[in-house]
Amino acid sequence: MLLCLLGLAAACGRDAEPAEDVEALVAREQCAALMAKDLKGPALAALQPLLDRPQPALEDLIRAAQIELARFGTDAAAQFLERARALAPDDVRVHYATGWLCRQLQEQLDLGVRSFERVLELSPHDPAATLMLADMLESRADEADLARASRLRLEVIERGVEFGGSWYLSALHQRSQELYRAGEDDAARTLAAEKDDFVASGIKMATATGFEQGTLGLVTAPAPRAQRAIDPPRLPSFAAPKSIAALAGARLVRLSPAETWLEIGESEETRRHEVGADALIAYGADGVHALIGPEWKPQRLIAGPVTALASLDLDRNGRIDFLVSDGARVKLHVEVEAPFTPEEQALEDKVPGDRPVRFGTFDRWEESGLALPALPGPATGFVVVDEDHDGDVDVLVLGAFGARMWRNDGVDRALVEARNKKHKRESEEAQQRNLPAPPAPPADIPLGTFTDVTQEAGLADLGPVAWCIPEDYDTDQDVDLLFGGVGGWRLYDNERGGKFARKPAGEPQGAPATAAPIVADLDDDARPDLWLTGTPARVLVAIPGGGFREEPCDSKAPASDALASGVLCDVDLDGHVDVLAPADGVLYAGRLGLGKRPELAFTGPPGTTALALACGDFDDDGVPDLARSTAAGIELLKGVSNGNRGVRIALAGRKDNRRAVGAVAEVRAGRIYRRIYVRGEPELVGIGKQPKLDVLRVRWPNGVLQQELDDPAGSERAYDQTEGLGGSCPFLYTWNGERYVYITDVIGITPLGLPMAPGMLVPPDHDEYVRVRGEDLAPKTLDDGRSVLELQFTEELREVTYLDRVRLDVVDHPADVEVHPNERFTFPPFPDAHTHTVRDALAPLRATGSDGADWTTSLARDDEDYAKPFRSLRGREEGQYLGLAEPWWLELEFDAAKLAAAAKLRLVATGWFYWTDASVNMASARTGDVAFVPPLLELEQPDGSWRPVGPPLGFPAGKRKTMVVDLTELLAARPSKLRIATSLRLYWDSIRIAVDADDAPLATTSLDALETELWERGFSRNVRVHDAEMLEWFEWSELEPYPRWNQHPGMYTKLGEVKPLLAAIDDQFVVMGAGDALRVRFDASQLPALKPGWRRDYLVFLDGWAKDRDPNTVDALYVEPLPFHGMSAYPYRADEHFPDTDAHRRWRTEWQTRPAKRWIEPVCPTGELVMPRAAAPR
């Protein structure tokens, strides 16, 4: 039956499908959807009308063969394969299906081996094909074949689970069976145990059919048809060259000169966006010059020869700084702002602090006195990245020595001039508001610097490299580094925590690395692909989990290395990536629609050969222009519109670096899709003939998503990063008799993997009591007549919650007594469990802030009138320190006589803590004048100074929480005045002193859960209760229209009743992800009657942990590794592991069965896939 497959014609046909075929598109979508449900017969029936056409398309014949093979219809599969091979004899899917057929029949084993060998030539390292080839070799039972089969399985294992996924587990299983057969039982058991660990973590082994299908045998939905298939590419057209500067032989850089990009106006009627035209930076032997239209008069910015240049915004003010090399040393030049013009000063006087924006201007640059790390040789290039994801930009310096990573440790704070100007501005604002002048910037503190962390980053042994292109190559939301040169490819994966590791398995195979590739998403799947020069050009598409696979490139025209150093742009504004480059004897040359079909090579009119090009919208008319540098000077070629339009997008970070370096923007306009890795400049996004840009989705470097809609064609849009919390802890809502109300965040004292500073992790306190006032929890009558108290726990941030125990303590007490749990965020020793009773606590007689204001009334009682005597570190210039403030204090004076008469003194402080995160903590720890200082109790000394006494007090672990701290010993002398000093954004609602004996009577009734339900809910609408300070509340009755987060990859607890998991502290917990909710009901009929004159409040007891996905949180990417009560820390030591008892294994198999949910629909047509990673094997 297979003989026909051996001698098929070699002629290459083509798919007969027209450019737009709605019937075919729908049939293929239905076929793929039915196959996903394992409905093979209906899937083939959906495809049948396309197979009945006179000339069926290649992809439909392949789909039919794949369906038949999946249901063991070998005869029909062979017939479909014969017809497919006649159209495309060397299609990788045809080869794979041929090998699959041979394996099913156990016939023509040699043909099966050759087929899979060819698959691996066309798609190197495909894990399924590798294992299928091993299986075919083993079937031939030759000794040499058996040895080769074993090596192939080891190859899949060596490449790791990140690459192999389910087939990695299959390789472990097959290898363990080999070892058992060879009598190596111990080694076999080790591999089997490793496989079991991965299975327990949520990575499933491929089924028998899934093993055979692999990725090349799957029936997939039709590939997206880009706009290119509808509108053929049109060659770019430019006006005749115009000489604009006699700067011979200069290199060119497109640069936006705006000091910032702004959205101005509060309403739809007044809102406008300002971005401004692009400018040219020319650098070379004559220094650095700026050229700005329409005058184009060269403005010298930096004198002296410059051989390498990087533009970056170090002080986060929106204005550009330059790092330059003159061939001997590296120098940092910072912009010195020119004085305001009278008009600008008038605007500044009208709205203090709202600085005028100067578009299209450059002022003056001076060399900074900042000491830079030493280099072993001249720098030949710079790469700007945020390698540690702490919100500022770092620099990778390239040279013959390899690369040096310079980490930015608070360089923005070291630019003294900027600090002094800022102090002057704040002093003027304070004077206008009749407030005390702020303190001058201290001169004796250690300022920020660049730190050489090459060794720490794992790049010391890199060797000589010619280029480096940063990107998120494995789409795990961090920046990776791809190097190249005569030594070949080197791909370094970001392992977070400032460390990189080389990943040879993900490096391109069989391609020279002397010329840098063009990196862009060429196949619209939200992954970065590579376009390589050569004869012909080569396209390497990214595959899930990292690595690349070569795809056919339609254009056979040679692609010179000059294209590799060309400019990447969308020159015809059709929504696809193009490249322009110098070429001999013509003004320019290039390719349109890289990686698309067809990909069009072109050359421009005859002319002097260019040395360098730059493409940008230099006249702000919405059409790309071209600048050329030649031996005679610089020329401008104004772009001529072809009818296509674009939207000019500028992104400005707040918490992340100001020019959004490392953000990923995805855009969609109709059927046009494009993924853009932001490298610090505005982007003119082509949308063809579409009337608007439908969706702009930005994933900022810190992983937070922001979505904007409906930007009109021809517009320019400047978007500031939306500020807000990405992680803190789960939320608690209660039924108050009428509706669900938000209470606070919970188990915030249990963060997993949260660093306070490098090498210093927060030890989690795994249990917490949360107070709920009686007014906020009332019985609810169910339809069956039962009376219950109902709580809802929700996970609404970028987190995983592991909840092991829930109990409700009902606390009855005299009505004139407050009750509070003994809880606060602090380091060990953690507070003991205790219910404080407070009667007639003393409010301060006077409360004065470090700002000079009187906060006495605000701190007298809990009324949501918060004291704020501090200036938050937030906004454009200091957003990377979100959650911190400039050091501040409150000076409190109490009734001396009542303090002296008290036998016991307790601080009773209610506040709202704005959470920092791991990245903020790491950034502040490395910056001289920014620090995470928890509240300290200070007492006045005889000389009038104030000095801390005792350890830090701790702070309320979330929103509107009260902490009670015994100060009896610290205040032994009974001083009437004290200070509380900190640098946190901590909004105190009240600060009082309890002078009673903490001995009021209590009656406590503890209730276990009556019934529970774990369910998928979504995300509550957030409400800014104090908008200026970004304090967010949440409204249960309204859900956000767009989900905020996807869940961490991994396995979660199945939905439904989970009561058995919450009854005991046993490390068999409920695992909740973003968008999940857990309803817990308690039997209200079990409560005693309330005594006269008493009131009822509640303490919710919780045991568990929470883990966010901040880039600097340790082990944050996945649900695994699971925490447990016996661990010494998190992450735990290599000799510790999650319990592996029979009960815990049953818990995994019976309860942990729900895969992660992707709430956010992909913008790209084909979606994205991130392979889950398992816990470390035993």
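The structure is a predicted model, in which local features need pLDDT of at least 70, side-chain atom pairs count only at pLDDT 80 or more, and totals for chains, interfaces and linings use all residues. Residues are numbered from 1 along each chain as its sequence is written, and side-chain values use heavy atoms, without hydrogens and water.

Helices here are DSSP runs of H or I with at least four residues, strands are runs of E with at least two, and both are numbered from the N terminus. The axes of helix 6 and helix 7 (residues 127–140) lie 9 Å apart, at an angle of about 155°. Axes are lines fitted to C-alpha atoms over the stretch in contact, and angles run from 0 to 180 degrees between N-to-C directions. The pair is therefore roughly antiparallel (over 145 degrees).

Helix 5 (residues 92–105) also packs on helix 6 (residues 109–122). Their axes come within 8 Å and cross at roughly 150°. Helix 5 and helix 6 are therefore roughly antiparallel. Their crossing is left-handed.

D478 lies in the loop between strand 16 (467–471) and strand 17 (480–484). Beyond neighbours within four places in sequence, D478 is in contact (heavy atoms within 4.5 Å) with H389, E471, D472, N494 and R496.

Technical notes:
Angles under 35 degrees count as roughly parallel, over 145 as roughly antiparallel, 65 to 115 as roughly perpendicular and the rest as oblique. A crossing is left-handed if the near helix is turned anticlockwise from the far one by less than a right angle, and right-handed if clockwise.
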